[in-house]
Amino acid sequence: MKVASKDRFDNIIEKSDLISRDLSWLKFNDRVLDQSKNERRSIFEKLKFLAITASNLDEFFMIRVGSLYNYLDYEKERVDYSGLREEPFKMKLMLECQQFHKRQQEHFLKNLLPKMSQSGFILSNVKNLEEEERNYIRSYFNKAVYPMLTPMVFDGYRTFPILMNKLLIFGVVTLAPGDKKENRKLSFVQIPANIPRFFEIEREDMVVYIPIEEVIRENIISLFRNVNIESINLFRITRNGDFTLEESEDMDANFLEEVKRKLNERKTGRVVRIEIEEGHSKWMVNLLKERWNIKDDSIFKVDRSSMLDFTGLWQVIGNRRFKDKLPQMPAPVPPISYPQDGTEDIFHVLKNRDILLHHPYNNIDPILDLIEKAVDDPSVMAIKMTIYRLAKDSRITKALLRAAENGKHVSVLFEVKARFDEENNIREAKKLQKAGCFVIYGISNLKTHTKLLLIVKKDENVVTRFVHLGSGNYNEDTARLYTDIGLLTTNEILANDVSEFFNVITGHSMPTVYQNLITAPRDMRNQLIEYVEQEAENARNGLPSGIFIKVNSLEDSEIIYALYRASQSGVPVKLIIRGICCLRPGRMGLSENIEVLSIVGDFLEHSRIYHFHNNGKTRTYAGSADMMVRSFDKRLESLFRVEDPLLENQLMNILSFNLRDNVNAYRMLEDGTYVPKLPQADEEEFNVHVEFFRVNAEEVMKVKLI
């Protein structure tokens, strides 16, 4: 019966012109897991990618599975792109998640765990240690761990305790001496997040990592004196972290309190997943299933020889002893449009030329230098910027505080709805507000995702506006890991557009038109569809045409069907989409002229570039927006046009290099699966994450996409 249902679901899915967003995301996480299996990588790199898949999956359950449960719990209708209603889709999704979880566990047990000793470390339980080491562990437990633990019993006299999201938890089933089994009790012992995941023992030629749960398991009897322990069960829960803020137009302290309240709800949101060790107490699990209203397909079992929560592996990866075992990234190179990087005054340079930055190949310093010089320059009158995510110890926050102290006008929009960065953004925003900055805490029910900076400088009665527009966050840390695009310019057309956009953000203004900026939620979807349809019209008229797009995600059905129509008109469509792709490429009669690649490797591909051939009168944009419903309808986003020949060619070259990659690239098939794009017999390896450190202006100016 189950097989028949599975076949029926698969048939429905295969008939759909669209691919499920959530099923597509799982394929993306599979590609990340594939990096952990790559034999070229050291075991530390493999552990890193495994840890990333675990962190990704945590967020997926909190947000996407959490969102699905919102429909199930409140009996609201939802039809997935796959064609399945909410309950059948949950069955399909949980089956896929279980299979992915199994692949993670098998890879760890078969390919990683046995090879650790070759690299100078092992994972061990307490029983395998030497006597002196066991004594050391016992002392550590008594002094540092035992005082942190609080057993919480659940019985007829005490309410069910609040168990925290993503913590390791022991469920201990106990029985008083002489009591019958029906009188057994269940206690919970949560392992606090501020205790290191592993206890480390440094031997002469080896680092021994003892999981904290094994340290506690060995000594847990000290928490349950004079009772019989029937079973000790390690588990971990994931709670629904998806919520929609019903924000008013009045962005005052009440709004911040609403955000804080919603953050607290994450601690008590409904349970959507249980990860638990094999050999657990069935009585306990049945109690938890009933308590949290979840089924067996949401329970993920872990072999006792494996480990719960692979995100803990970051402690191993970050050990300084192994620092030289991780690949070192080459030093950033000067931007092609600014080869004498750092040798001239940035204000002077930008008055004469635009600079296109391609991170992490070019570092973020020109942006930081521009802000920091603006802070101390008496000619600078105002600094305005949008902030979505910041580094923990941000140079930008420090610079803006100094700017306010220096009497400059500082306007900052802090997006306090940036997922999982809400608390950090609220904290940083309040610092600036206290210093006298004009701070906006988001715009109504929209997330501000656009990345904009405007500096107004007046020299001898001449006002110049220095602008930065980008695809990435103003975050020094992620700028070393994410590929992003940034444009520094004094171009008056773009400066006018950005000034107008800031007036929309900080005031009450509705400009009729932007010249070189496409913005959401107002115009972006329609404008992009218009450009796609122009390519289709050109193709039907026998004119050259082509669409080349690089984004993180493609999910908006209106854009997808526009691309299908372009394909049917004969337009070659090349899409480079790192993560979610709900479009089916290569389906006869629908999308046979569409090719989809995904680049997954050493850097996280985060840049967004849109290029339309337009019969040789090219249109090339970059910016913050993916092709998703949320980007077009629920976020303030912007795409900026790049017209300078060198800079436009540089964006085209980024697209060209990505299409040539045969080391990090995966080709998407019509059924939504992905296969590695490998070098052909006559091809050499081409790795974009290496080649962009070598690219030069001469090569860039020769690029052709058609």
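Trainee: Is the crossing of H12 and H13 left-handed or right-handed?
Mentor: The crossing of H12 and H13 is right-handed. A crossing is called left-handed if the near helix is turned anticlockwise from the far one by less than a right angle, and right-handed if clockwise. Before going on: this is a predicted model, where local features need pLDDT of at least 70, side-chain atom pairs count only at pLDDT 80 or more, and totals for chains, interfaces and linings use all residues. Residues are numbered from 1 along each chain as its sequence is written, and side-chain values use heavy atoms, with hydrogens and water left out.

Trainee: What makes H12 and H13 roughly parallel?
Mentor: The axes of H12 (residues 395–405) and H13 (residues 422–434) cross at roughly 15° and come within 9 Å. Angles under 35 degrees count as roughly parallel, over 145 as roughly antiparallel, 65 to 115 as roughly perpendicular and the rest as oblique. H12 and H13 are therefore roughly parallel to each other.

Trainee: Which residues of H12 and H13 meet?
Mentor: Thr397, Leu400 and Leu401 in H12 meet Glu428, Lys431 and Leu432 in H13, where contact means heavy atoms within 4.5 Å. By class, this contact has 3 nonpolar, 1 polar and 2 charged residues.

Trainee: How do you know that the span of H16 agrees with its 12 residues?
Mentor: The expected span is 1.5 Å times one less than the number of residues. For H16 (residues 557–568) that gives 16 Å, and the end C-alpha atoms are 16 Å apart, which agrees.

Trainee: Which residues of H16 are buried, and what do they pack against?
Mentor: Buried means under 20% relative accessible area, exposed over 50%, and partly exposed in between (1.4 Å probe, protein chains only). In H16, Ile559, Ile560, Ala562, Leu563, Tyr564, Ala566 and Ser567 are buried. The elements they pack against include helix H15 (524–540) and strand E20 (573–577).

Trainee: Why is asparagine 461 called exposed?
Mentor: Its relative accessible area is 69%, so asparagine 461 falls in the exposed class, over 50%. Asparagine 461 lies in the loop between strands E15 (451–459) and E16 (462–470), and has a positive phi of about 70° although it is not a glycine.

Conventions
Axes are lines fitted to C-alpha atoms, for helices over the stretch in contact, and angles run from 0 to 180 degrees between N-to-C directions. Helices (H or I, at least four residues) and strands (E, at least two) are DSSP runs, numbered from the N terminus. Ala, Val, Leu, Ile, Met, Phe, Trp, Tyr, Cys and Pro count as nonpolar, Asp, Glu, Lys and Arg as charged, and the others, Gly among them, as polar.
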